[in-house]
Amino acid sequence: MEDNGGAPSNLLDDAVGALAGRFVAVEDSVETSAAFVLHHLLKRALSPLSPTVVLFVSFAHPFSHYDRILRKLGCNLAAQRDNKRFFFFDMLMWEYQGERIRDEEKTRGDGLVALYGEIQKLISDLPEERKNSVTIMIDDVSLMEVAAKGSTNLVLDFLHYCHTLTSELGCSLVALNHGDIYSSTERPTLILQMEYLAGILIKAEPLATGLAKDVHGQLTVLNRGDGQGSRYKLCNFHFKVKENNVEYFFPGSRS
């Protein structure tokens with residue numbers, strides 16, 4: 001079972017707990033990015049004391065972007081890729097490790113089906129002891145929807161397929177989405193469905209009081225528990241993103 005890899009505990013890790021078999025939905029806004037949460041969970045998964053294999057699906061940035069950021073956090077993604085602990089799906093070009101996921105005749109829906117097939121095959125080829133120590137990360141769902149030509153149903157189908165792996169194999173799924181990019185005043189189906197499926201929901205929001213020099217925003221973590229001793233809990237705390245780390249602290253704990 002995955003833990004925080006032996007790293008010093010912080011408020012985010014305490015709120016999230018173990019990820020094995022869980023779906024973590026991360027929501028942010030244009031004003032307050034939650035990319036740092038994804039980076040934190042990625043570094044945690046690739047800790048030397050963790051057995052986790054990460055399958056990272058990126059619709060947002062190339063490999064070099066994450067490699068540069070994770071190096072600042074003390075994690076070498078290139079080395080982890082060479083060690084077969086980190087597999088990067090570059091969906092900017094709908095490619096994976098130089099092989100076309102789709103040809104010109106196929107639709108975007110076929111591309112997502114093929115992508116899931118690649119993920120499923122990669123997991124099935126892992127050693128037996130590693131199959132329940134897999135984390136699938138998606139950055140980000142809103143861009144996946146754009147790539148699917150706005151088809152919410154195709155994206156939901158893909159997320160449902162990946163979600164089945166959490167119950168069947170004990171994999172974990174982490175997906176980032178932007179909550180305020182939709183023009184409608186009603187909450188879109190995609191976000192509602194993600195929140196419904198998620199065992200852990202993390203929201204990054206601006207401070208209600210506006211901008212502050214030493215606080216970049218607030219995190220709300222809703223952990224619904226796993227039914228195996230982990231209880232339902234709701235946590236709220238502030239954060240400040242620095243060059244090489246992120247500070248987490250409770251409201252009012254700083255003068």
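User: Among contacts between residues at least 6 apart in sequence, what share joins residues at least 24 apart?

Analyst: That's 65% in this chain. Keep in mind that we're looking at a predicted model.

User: Why is Leu234 called exposed?

Analyst: Its relative accessible area is 58%. Exposed means over 50%, so Leu234 gets the label because 58% passes that cut-off.

User: Where does Leu234 sit, and what does it touch?

Analyst: Leu234 is in strand S10, which covers residues 233–241. Leaving out residues up to four places away in sequence, Leu234 touches Thr220, Val221 and Leu222.

User: What makes those count as touching?

Analyst: A contact needs heavy atoms within 4.5 Å, so Leu234 must have heavy atoms within that distance of Thr220, Val221 and Leu222.

User: How far apart are the C-alpha atoms of Leu234 and Leu201?

Analyst: They're separated by 9.6 Å, with the two residues 33 apart along the chain.

User: Okay, now the inside. Which residues have the most contacts inside the largest nonpolar core?

Analyst: Leu55, Phe89, Ile119, Ile138 and Phe158, in a core of 38 residues. There's also a second, separate core of 37 residues, including Leu12 and Phe88.

User: What does Leu55 touch?

Analyst: Not counting residues up to four places away in sequence, its contacts include Phe87, Phe89, Ile119 and Met137.

User: And how much of the chain is buried?

Analyst: Buried residues make up 49% of the 255 residues.

How values were computed:
Residues numbered from 1 in each chain as written. Predicted model: local features only at pLDDT ≥ 70, side-chain atom pairs only at ≥ 80, totals over all residues. Heavy atoms only, no water. Core = buried A, V, L, I, M, F, W, Y, C linked by side-chain atoms within 4.5 Å. Buried < 20%, exposed > 50% of the residue type's maximum accessible area, 1.4 Å probe, protein only. Helix = DSSP H or I, 4+ residues; strand = E, 2+ residues; numbered from the N terminus.
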